[in-house]
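Dear colleague,

I am passing on a structure for you to look through, and below it I have set out what was found. Please keep it open beside this message as you read.

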Amino acid sequence: MCKITYFLIRTCPYCIHANRAIVELREENAAYRELEIEKVYEEDSPDVIAHYDYYYVPCMFLGDEKIYEADPAQNYADIKASVKRVFDLALQTGKD
């Protein structure tokens with residue numbers, strides 16, 4: 001299992017959707033509750049975000065690999081599906 005590094009902005013509507021998706025997915029699947037998620041708020045951590053290559057938030061990395069970066073055209077269902085994909089990959093990392 002690999003730690004998820006999750007970049008977000010507190011007032012971003014897409015990040016608010018991603019936060020909601022995280023809660024719902026963890027309610028739906030107990031395995032997701034075991035995942036370690038490090039939230040990195042852009043406004044608080046400019047020194048951390050400088051080491052990552054992304055433009056949009058929410059954005060999620062497994063290690064140094066960007067797995068999900070929001071698209072402004074995404075709706076809630078798209079964001080939830082993307083977060084689920086990250087969760088599934090995080091669960092698989094290290095099990096192969």
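A residue is called buried when its relative accessible area is under 20%, exposed when it is over 50%, and partly exposed in between (1.4 Å probe, protein chains only). A30 has a relative accessibility of 45% and therefore counts as partly exposed; A30 is placed in the loop between helix 1 and strand 2 (37–41), where helices (H or I, at least four residues) and strands (E, at least two) are DSSP runs numbered from the N terminus.

Please bear in mind that this is a predicted model, in which local features need pLDDT of at least 70 and side-chain atom pairs count only at pLDDT 80 or more, while totals for chains, interfaces and linings use all residues. Residues are numbered from 1 along each chain as its sequence is written, and side-chain values use heavy atoms, with hydrogens and water left out.

Turning to the core, a nonpolar core is a set of buried Ala, Val, Leu, Ile, Met, Phe, Trp, Tyr and Cys residues joined through side-chain atoms within 4.5 Å. The largest one has 31 residues, of which I4, F7, M60, V83 and F87 touch the most other members. Helix 3 gives the most to this core, with seven residues.

As for the helices, helix 1 (residues 13–28) and helix 3 (residues 76–92) pack at an angle of about 55 degrees, with their axes 9 Å apart, the axes being lines fitted to C-alpha atoms over the stretch in contact and the angles running from 0 to 180 degrees between N-to-C directions. Helix 1 and helix 3 are therefore oblique to each other, since angles under 35 degrees count as roughly parallel, over 145 as roughly antiparallel, 65 to 115 as roughly perpendicular and the rest as oblique.

With best wishes
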